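Please keep the sequence and the structure in view while reading.

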Amino acid sequence: IETEGVTLGEFAALGRCHGASVDVRRPRAGGADGEGAADAASEADFRAAVVGACSSAGSPYVVVSFLRTALGQTGTGHFSPIGAYHAQSDSCLVLDIARFKLPPYWVPIRALYDAMVPEDETTGKPRGYALLRHGASVAQAAGTERSMAQLGGGGGRCPVVSVKREYCPIGPGVRRKTSTMARRKLAGIPT
């Protein structure tokens, strides 16, 4: 994660590991008016998701995965939650998670949608956004099931095993940290 980052699919899997319902949407092929896969979303779909989330007292929450350079920023792929929508300017408030670099900022919906269109080099797919809701109330896509061990049962496993060791809960209120030896191995330090 420190060297390669996280893809939108891995982000969704991490959310599911923590019991969230995660609905991933990607810009349609060809941009706002193009056609695409079942998870494809138009600019109007994205706007409706932002307005819906920002009009709600709770979930869903919108987290966008976008290419920073498309917004005139330095860096590459980035994730940030959306905190508000301003109808008069058709803009949303990006709560940048790299607060040392950027404070929260307003960006037009169209510009943010366009910043999700460029393909992620790792997946070959457009970036996109995720709608996160409390609890896994919808069926999980194949290969993204939460670990039964995390829920106190047996079988199954988190799809992001190397990340699970550090971040996914393995029982109510219990978290397991990666051992010093494992951290050294991951860092390439001889053990």
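Glu43, Arg47, Asp90, Arg110 and Asp114 are joined in a network of salt bridges. The model is predicted. Across the whole structure, a search finds 6 salt bridges. The nonpolar side chains form a core of 20 residues, the largest, and a second, separate core of 9 residues.

- Glu43 pairs with Arg47 in a salt bridge, with the closest N and O atoms 2.9 Å apart.
- Both residues of that pair, Arg47 and Glu43, sit in helix α2 (residues 43–54). They are 4 residues apart, about one turn of the helix.
- Arg47 counts as partly exposed because its relative accessibility is 22%. The cut-off for buried is under 20%.
- Glu43 has 10% relative accessibility, so Glu43 counts as buried.
- Glu43 also meets the side chain of Arg110 in a salt bridge, at 3.0 Å from N to O.
- Arg110 belongs to helix α3 (residues 109–116) and Glu43 to helix α2, so this pair ties together parts 67 residues apart in sequence.
- Arg110 is partly exposed, because its relative accessibility is 44%.

**A buried pair between loops**

- Asp96 and Arg68 form a salt bridge, with 3.2 Å between the closest N and O atoms.
- This pair links distant parts of the chain, 28 residues apart. Asp96 is in the loop between β5 (91–94) and β6 (105–108), and Arg68 is in the loop between β3 (61–67) and β4 (77–86).
- Asp96 and Arg68 are both buried.

**The nonpolar cores**

- Within the largest core, of 20 residues, those with the most contacts are Phe46, Val62, Val64, Ile82, Leu112 and Tyr129.
- Two or more residues of this core come from each of α2, β3, β5, β6, α3 and β7 (128–133).
- Helix α3 gives the most to this core, with 5 residues.
- Which residues does Leu112 touch, not counting residues up to four places away in sequence? Leu112 touches Phe46, Val64, Phe66, Leu71, Ile82, Cys92, Val94 and Val107.
- The second, separate core has 9 residues, including Leu8, Val22, Ala130 and Leu132.

**Helices in both pictures**

Technical notes
Residues numbered from 1 in each chain as written. Predicted model: local features only at pLDDT ≥ 70, side-chain atom pairs only at ≥ 80, totals over all residues. Heavy atoms only, no water. Salt bridge = Lys/Arg side-chain N within 4 Å of Asp/Glu carboxyl O. Buried < 20%, exposed > 50% of the residue type's maximum accessible area, 1.4 Å probe, protein only. Core = buried A, V, L, I, M, F, W, Y, C linked by side-chain atoms within 4.5 Å. Contact = heavy atoms within 4.5 Å.
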